[in-house]
Amino acid sequence: MFKSVRARLTFWYAGVLTCTLLLLSLVIYWIVRRSIMARTDAGLVELADSFLSTLNAELSDATPANDVAGAARQSMLEHQYPGRSFAVLAADGRVLAASEGLPAATRETRHNEPNPIISSEALEACAAPLLTGDKSFVTLPGPRGGTRCYVTAFTAARTPGRLVILASRHPESELLAHLRVALGWLVPVTIILASAGGYFLARRNLAPVADMTARAGRIGESTLHDRLAVQNPADELGRLATTFNRLLDRLDLAFERQRRFIADASHELRTPLAILQGESEVALSNPTRTPEEYRESLSVLQHEARRLARIVEDMFTLSRADAGQYPVNRRELYLDELVSDCAHSVRTLAAAKSITLSVESNGELPIFGDESLLSRMLLNLLDNAIKYTPAGGKITVSTGSTPAGTQITVADNGPGIPAEFHTRIFERFFRSDQARTRPISSDGPDRAPAGGAGLGLSIARWIAEAHHGTLALTRSDVRGTLFTVTLPVEPLTSTSSD
Ligand code: ADP
């Protein structure tokens with residue numbers, strides 16, 4: 001029904017206010033009514049006491065002493081109040097005296113209130129409840145608020161009787177009517193004013209939302225650097241805008257990373273594709289080539305095709321890792337065995353460059369991990385060490401337990417990584433200039449590690465992190481490079497697939 005938040009807020013505000021004011025009015029009306037009634041009743045009791053003490057005084061003076069009716073009339077003459085009528089009844093219900101027909105009141109009165117009529121029905125209705133007690137109040141319905149009736153039993157000059165006082169309720173009902181009118185105006189006027197104020201306030205306070213909506217609507221892929229205006233960072237809308245801006249920061253960063261990844265990837269793929277194209281064109285252009293020349297061309301083509309396949313495979317791994325879709329199948333395995341297996345598989349490669357590869361193992365190291373991923377991480381580190389260590393160098397892989405967890409270190413005595421690249425080597429597609437200019441054929445056509453695309457360390461770091469561990473460049477200078485993998489020690493009882 002109400003589409004806008006401000007209309008809904010105003011509606012709820014007005015609804016709650018209406019209920020509260022209605023309840024408050026009812027309570028006020030009820031309290032005022034009760035206290036007015038209580039005051040009237042207390043006045044009637046006081047009047048009856050005064051009347052009866054006058055009656056007793058009159059009786060003691062009266063001649064003959066037992067003329068109750070005469071004394072009552074005298075007492076009535078002394079108690080003439082506007083809106084009050086008296087009747088004195090004998091024990092059998094006979095009316096001994098009634099204030100009707102007495103001379104008019106001589107007192108000064110503020111209200112010119114007509115006295116209630118003392119009818120036999122009124123007296124009967126008033127006196128009936130007295131059968132169960134010696135005093136009672138009854139309200140007789142009628143116009144102008146009806147009549148309040150007070151009856152009390154008395155004994156005067158050894159004669160039992162009843163005093164009935166009838167009080168017009170007109171002043172009280174008039175007061176209550178005024179109160180009803182006042183509340184009847186006050187409640188709706190307050191609701192209307194408060195609702196208008198509420199609507200205005202809601203509109204004012206929600207104005208930034210409209211601005212934010214318009215700005216957010218304008219932000220697109222090409223304007224991701226735009227931000228929402230934060231008017232008051234401490235209030236709810238300010239916090240919403242700040243959170244939205246942080247989300248945009250993250251999106252902007254992710255888009256930027258994605259753009260760079262695509263640009264770098266196409267750049268990396270272009271080189272082997274160009275070589276494939278060029279080499280095949282050269283091979284086909286000369287029909288008089290010898291089989292050796294064809295073999296050489298095919299070897300180059302195979303090498304580049306492998307390189308391409310490896311780059312595509314690495315990119316696919318990273319994109320699946322980013323999406324959280326790469327399966328990590330962890331099971332119990334011995335890290336020392338895995339390290340010696342990996343070292344064994346690259347031994348020939350190291351031997352081809354006369355590099356000494358040694359493994360230092362410090363006992364059994366049972367861990368939970370994905371064997372193929374951990375092997376891939378270690379092979380990437382070993383491949384790099386072999387690639388960047390000059391012939392005749394030395395590579396040492398060692399394993400051990402430290403307070404931080406299970407550690408693998410890969411150390412070489414190569415030229416090291418220039419200090420300015422230390423923070424960048426884990427970035428995707430990052431390669432030092434030295435690595436870029438490295439000749440393709442340095443590893444021979446059968447292996448493809450040389451001239452990598454700069455994804456090896458990114459993948460290795462992701463694998464360490466997928467095992468809740470870390471991969472860090474601990475040291476790299478003229479003495480060589482040292483990479484450290486630290487894997488947390490986890491209980492071996494669980495088998496998991498992250
Ligand atoms: P690449 O495919 O180029 O080897 P990596 O991500 O594995 O990509 O490595 C990134 C860069 O880090 C390399 O280009 C190289 O400059 C540097 N690097 C890695 N390992 C070593 C190492 N053991 N010695 C010297 N430089 C290294």
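View 1. Asn384, Lys387, Asp412, Ser432 and Leu457 come nearest among the 19 residues around the ligand, where a residue counts if one of its heavy atoms lies within 4 Å of the molecule. This is a predicted model, in which local features need pLDDT of at least 70 and side-chain atom pairs pLDDT 80 or more, while totals for chains, interfaces and linings use all residues. Residues are numbered from 1 along each chain as its sequence is written, and side-chain values use heavy atoms, with hydrogens and water left out.

View 2. Look here for pairs of N or O atoms within 3.5 Å. Asp412 places a polar side-chain atom 2.9 Å from a nitrogen atom of the ligand. Backbone atoms take part too: a polar one of Ala453 is 3.4 Å from a ligand oxygen atom, and a polar one of Gly456 is 3.4 Å from an oxygen atom of the ligand. The ligand exposes 530 Å² when taken alone, and the protein buries 97% of that (Shrake-Rupley areas with a 1.4 Å probe).

**View 3. What the shell around the ligand is made of.** Helix 8 (371-388) gives the largest share of the shell, four residues. Helix 10 (456-466) and strand 12 (480-487) each supply at least two residues. Helices are DSSP runs of H or I with at least four residues, strands are runs of E with at least two, and both are numbered from the N terminus. By residue type, the shell holds 10 nonpolar, six polar and three charged residues; Ala, Val, Leu, Ile, Met, Phe, Trp, Tyr, Cys and Pro count as nonpolar, Asp, Glu, Lys and Arg as charged, and the others, Gly among them, as polar.

**View 4. Ala350 in helix 7.** Helix 7 spans residues 335-352 and includes Ala350. Ala350 counts as buried because its relative accessibility is 1% (buried is under 20%, exposed over 50%, partly exposed in between, with a 1.4 Å probe and protein chains only). Its C-alpha atom is 9.0 Å from that of Asp383, 33 residues apart along the chain.

**View 5. An aromatic pair, Phe11 and Trp12.** The structure holds seven aromatic pairs. The ring centres of Phe11 and Trp12 are 6.0 Å apart and the planes meet at 75°, so this pair is edge-to-face (centres within 6.5 Å, using the six-membered ring of Trp; planes under 30 degrees apart are stacked, over 60 edge-to-face, the rest tilted). Phe11 is partly exposed at 44% relative accessibility, whereas Trp12, at 58%, is exposed.

**View 6. Arginines over rings.** Arg461 has its charged end over the ring of Phe426, 3.7 Å from the centre. Arg320 lies over the face of Tyr326, 5.0 Å from the ring centre. The criterion is NZ of Lys or CZ of Arg within 6 Å of the ring centre and within 35 degrees of the ring normal.

Technical notes:
A polar contact is a pair of N or O atoms within 3.5 Å; within protein, one must be able to donate a hydrogen and the other to accept it, and residues adjacent in sequence count only if both atoms are side-chain atoms.
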